[in-house]
Amino acid sequence: DNGNLHQCVDVQAVPTRAPSETDTIRLEDTRTGKKYSIPILKGNVIRAVDLKQVKGHDKEDAGLKTYDPGYVNTAPVRSTISFIDGDKGILRYRGIPIEVLAEKSTFMEVTYLLAFGGLPTIGELAQWEATVMRHTSLPLPVTNAINQLPMDVHPMVVMVTGMAMLGGLHPEANPAIAGQGVYKDRVLRTKQVVRALGKATALAAAAYHRSTGRTPAPPRRNLSYAENFLYMIDAHSGGWDYRPDKRIAQALDVMMILHAEHEMNCSTAAARHIASGGADVYTCLSAAIGALYGPLHGGANEAVLRMLERIGSLDQVPAFLEGVKLRKEKLFGFGHRVYKNFDPRAKIIRGLADEVFSIVGKDPLIDVAVALESAALSDDYFVSRKLYPNVDFYSGLVYRALGFPPQFFTVLFAVPRVAGYLAHWSESLDDPDTRIIRPQQVYEGPMLQPYVPIQQRDKADAPSMPAIEPSNASRRLLTGFSAP
């Protein structure tokens, strides 16, 4: 860690079997000749702090650190919520394969599974559903705050704003006000979970209608979670006796299951990061939704749809893929940070797409998507790079077929992912290893330099500030100040 790239630490004999309590990794520091023995723990990990003992000759050396941009090979938590094997294309919630849950479960049952670690009985599920559905209305202050946003605001801004606003309405559940031990109360903690799950669909309906100028329909608590969501969006257009098509609601329910949880991704890590500082749960959720808003994370399915629209027809697929190889085009919906095989969710959504099209009609872009997938998977350029379809590749087509505008796709991702965020938030509260998250850095700036008085500076040490031109409205305002 002293900046000399030519010095190294020799690593020997990493066990390939499951480590036992006595397994270690032996290190030799070629700078000093010292040797170290570091325990290999359950999960085939070492404690990063154990590397601090590896020091060079410098007396001020604070010890070896790992440099890991993007946390590519860093595990900051131990978790029992979801398991991913990217090489084999496996995703499990609490040990249950995602394929099984998508076929046999419901989203509400999955939220219970994520929240409590096991599947509910008939009575437990009924109580859980009823409790969540009691919280599907928005408080008036939240509605008023949303109505102050521009009508053309992105719906994810409504989600971020509304969720943060909820935190201001429940001081009894805010550690900054009620004390850091407030979430030790299991009843109070669980109430925030059901409250956030219920409010997620209400916020999404409000986000949907911010651009339409209409008010979402009041919730119908006798409907399922997905049915009620569709009802709040569509009831005013369909009439008060409207009830969503059960097949459409079932398709949306499956999509929610597939997006409910996905281990330590960008937004889930954000939720845990904020929670480690003791913030209230709604602030944690708002921050996580904000992270999901980014086009490199939750907005990828919208990018896929735009890509397919740009390709336009089957005969343009070969030319597009050649453009990708020449780095003139970007291939969205293929490849994943974790999966080096097929994303198991993508396979399920591909089948679900056919079901949705049989109900609402076939989207002509599905033929372009199938041709693009087939061509890419038969081309060694993409296969050798392990670029397989991910969850975003077909989900945008399903959402478009269901009548949702592209800018709303990320909201449809955020609503179910709230369940995963909440599971991680709660788990972090019970984890004895939880500490405030404070990563290290490798400082490469000047170590010490003098302060030069401004009168003695001939030129700025840093690049000059770029010119920021005033808007026409500012120019108009400035003319008023200068008028005689």
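A: Accessible areas come from the Shrake-Rupley method with a 1.4 Å probe, and for residues only the protein chains shown count as cover. For the protein chain, this surface is about 26,300 Å², and carbon and sulfur atoms hold 55% of that area. The model is predicted, so local features need pLDDT of at least 70 and side-chain atom pairs pLDDT 80 or more, while totals for chains, interfaces and linings use all residues. Residues are numbered from 1 along each chain as its sequence is written, and side-chain values use heavy atoms, without hydrogens and water.

Let's step back for a moment. Along its principal axes, the box filled by the C-alpha atoms of the protein chain is roughly 80 × 80 × 60 Å. Of the 484 residues in the protein chain, 43% are buried (under 20% relative accessible area).

Now for your sheet! Three of the strands make an open sheet, ordered β4-β5-β6, with antiparallel pairing (at least two DSSP bridges between two strands). Its edge strands are β4, residues 82-85, and β6, residues 96-97, and each of these pairs on one side only. Strand β5 covers residues 90-93. Between β4 and β5 there are four bridges, and these two strands run antiparallel. You can find one facing couple yourself: serine 82 stands opposite tyrosine 93 in β5. Strands of a sheet pair through backbone hydrogen bonds.

Definitions and conventions. Buried means under 20% relative accessible area, exposed over 50%, partly exposed in between (1.4 Å probe, protein chains only).
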